[in-house]
Amino acid sequence: GLAAALPGCNRTAHVGPITSATQTTTSSATSAPSTPSTSTPSTSTTLDPAAKESQDRQDAELVWRKFLGVLLKVGTLPADQVEPAITAVAVDPALARLRAQEAQFRAEHKAGYGQDVSYITWPQPIGGKDAAVLSDCADGSQAGVRDTKTGNKLTVGTANTLLRATLQRTPQGWRVANSELLEGTTCTPGK
């Protein structure tokens with residue numbers, strides 16, 4: 001869908017596919033270093049490690065899916081709703097890219113349409129850290145960019161777009177810090 005057109009995604013040429021949801025990989029993606037949480041303890045600290053991992057993944061996936069939704073609709077939001085929408089799902093550098101892309105799309109009378117369908121895998125466990133990396137074999141074939149004056153579709157996504165996202169734990173919850181379109185690779189949604 002919008003992965004290739006919108007700023008939440010950096011293009012990364014010829015990165016090999018992630019072949020297993022449990023494989024540990026080293027990414028050259030920009031991410032903030034893990035630091036101990038300075039937020040007040042929550043009830044989640046009493047969870048056993050497996051339950052904590054499950055909860056962290058669920059929370060991070062929810063924010064990722066919201067991020068993708070914001071990518072699609074940000075160009076159609078009233079101007080006063082843009083900043084609250086993007087800060088609810090992103091931190092820098094993804095946040096700065098979202099702001100820049102939103103301004104560019106408004107100036108060029110472009111907006112997203114449709115919906116990406118995410119198929120998320122985890123190349124490595126979160127392990128209680130403050131940064132998480134997920135892979136998304138997105139089906140964006142029903143999404144893209146349209147001209148807001150004419151309504152004409154300018155782009156249409158593909159059904160096998162491999163994305164990698166780095167999320168950062170903040171006092172407000174998980175936020176997308178970076179996302180990459182892994183060019184030169186494809187994936188099979190749902191596999």
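Guide: Let's start at phenylalanine 67, which counts as buried because its relative accessibility is 1%. Buried here means under 20% relative accessible area, exposed means over 50%, and partly exposed is in between, using a 1.4 Å probe and protein chains only. Before going on, keep in mind that this is a predicted model, where local features need pLDDT of at least 70 and side-chain atom pairs count only at pLDDT 80 or more, while totals for chains, interfaces and linings use all residues. Residues are numbered from 1 along each chain as its sequence is written, and side-chain values use heavy atoms, leaving out hydrogens and water.

Back to our phenylalanine. The structure holds one aromatic pair. That pair is stacked, because the rings of tryptophan 64 and phenylalanine 67 have their centres 5.5 Å apart and their planes at 20°. For the rule behind that: rings of Phe, Tyr and Trp (its six-membered ring) pair if their centres lie within 6.5 Å, and planes under 30 degrees apart count as stacked, over 60 as edge-to-face and the rest as tilted.

Now for the next helix. Val82, Ala85 and Ile86 are buried in helix α2, which covers residues 79–87. These three sit on the same side of α2, because they cover an arc of only 85° around the axis. That arc is taken from the directions from the helix axis to the C-beta atoms. What do the buried residues of α2 pack against? They pack against α1 (49–73) and α3 (94–107). Contact, by the way, means heavy atoms within 4.5 Å.

Let's zoom out for a moment. The chain has three helices and seven strands, and along the sequence they follow the pattern β-α-α-α-β-β-β-β-β-β. Helices (H or I, at least four residues) and strands (E, at least two) are DSSP runs, numbered from the N terminus. Of the chain's 191 residues, 44% count as buried. Take the contacts between residues at least 6 apart in sequence: 73% of them join residues at least 24 apart.

Who are its neighbours? Strand β3 (residues 120–121) pairs with β4 in the antiparallel sense over two bridges; strands count as paired if DSSP finds at least two bridges between them. Threonine 121 stands opposite serine 135 of β4, while in β6 the bridge partner of serine 135 is arginine 164. β4 (residues 131–138) and β6 also pair in the antiparallel sense, over eight bridges.

β6 itself, residues 161–170, is mostly covered, with ten of its ten residues buried. A hairpin of two residues then joins β6 to β7, and these two strands pair in the antiparallel sense over eight bridges.

Cysteine 137 gives us one more link to follow. It stands opposite leucine 162 in β6, and it forms a disulfide with cysteine 187, their sulfur atoms 2.0 Å apart. The pair links distant parts of the chain, from cysteine 137 in strand β4 to cysteine 187 in the segment after β7, 50 residues apart. A disulfide is a covalent bond between the sulfur atoms of two cysteines; here it is called when the two sulfur atoms lie within 2.5 Å. With 100° about the S-S bond, this link of cysteine 137 and cysteine 187 is right-handed. Both ends are tucked away: cysteine 137 counts as buried at 7% relative accessibility, and cysteine 187 does at 15%.
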